[in-house]
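Me: I would like to learn how to read salt bridges in a model. Could you walk me through this one?

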Amino acid sequence: MENKKPSLEKLKKLFWSANFENLDIVKDKAYIIHQTLAFGTLSDIKLLFNIYSLEEVRHIFLKQPQPLYSPPGLNFLQKYILQIEDARLSKERYIKNVFGPITRP
């Protein structure tokens, strides 16, 4: 996999919260996958699948959830990109809420 580092160059804009030069496609796999799925375009996601297999991406997505996704974005990724059944996904572990917890009067 170490030979695929140049493929990350086209995705560099997605890794603003890390030092790009120090990214390792093996050690930082979860970060790279989630940043690309959450903030990338369809073209970026296609590039991601040139680096990692669909099974690798699904595995990381399910085993190491990150609260980075909007509800519509998560739904699109789940159903159309990763093709994951609803029963396998705990949505509250993926949805970001910029407004804090919902309270009722």
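**Reading the salt bridges**

Reply: Gladly! Of the 105 residues of the protein, 33% count as buried, where buried means under 20% relative accessible area, exposed over 50%, and partly exposed in between (1.4 Å probe, protein chains only). This is a predicted model, in which local features need pLDDT of at least 70 and side-chain atom pairs count only at pLDDT 80 or more, while totals for chains, interfaces and linings use all residues. Residues are numbered from 1 along each chain as its sequence is written, and side-chain values use heavy atoms, with hydrogens and water left out.

Me: Which elements does the protein have, from the N terminus on?

Reply: The elements run α-α-α-α-α, with five helices and zero strands. Helices (H or I, at least four residues) and strands (E, at least two) are DSSP runs, numbered from the N terminus.

Me: How many salt bridges does a search of the whole structure find?

Reply: First the general idea: side chains of opposite charge can pair when their charged atoms come close. A salt bridge is a side-chain nitrogen of Lys or Arg within 4 Å of a carboxyl oxygen of Asp or Glu. Here the search finds three.

Me: Let's take them in turn. What does the side chain of Asp44 meet in a salt bridge?

Reply: Its partner is Lys13, at 3.1 Å, N to O. Asp44 belongs to helix H3 (residues 42-51) and Lys13 to the loop between helix H1 (5-9) and helix H2 (29-39), so this pair ties together parts that are 31 residues apart in sequence.

Me: Is Asp44 buried or exposed?

Reply: Asp44 is buried, at 4% relative accessibility, whereas Lys13 is exposed at 53%.

Me: And which parts does the pair of Lys29 and Glu56 tie together?

Reply: The side chains of Lys29 and Glu56 form a salt bridge at 3.2 Å, N to O. Lys29 sits in helix H2 and Glu56 in helix H4 (residues 54-63), so the pair links parts that are 27 residues apart in sequence. Lys29 is buried, with a relative accessible area of 18%, and Glu56 is partly exposed at 21%.

Me: That leaves Arg58 and Glu55. Where do they lie?

Reply: Both are in helix H4, three residues apart, and therefore separated by about one helical turn. Arg58 is buried, with a relative accessible area of 15%, while Glu55 is exposed at 51%.
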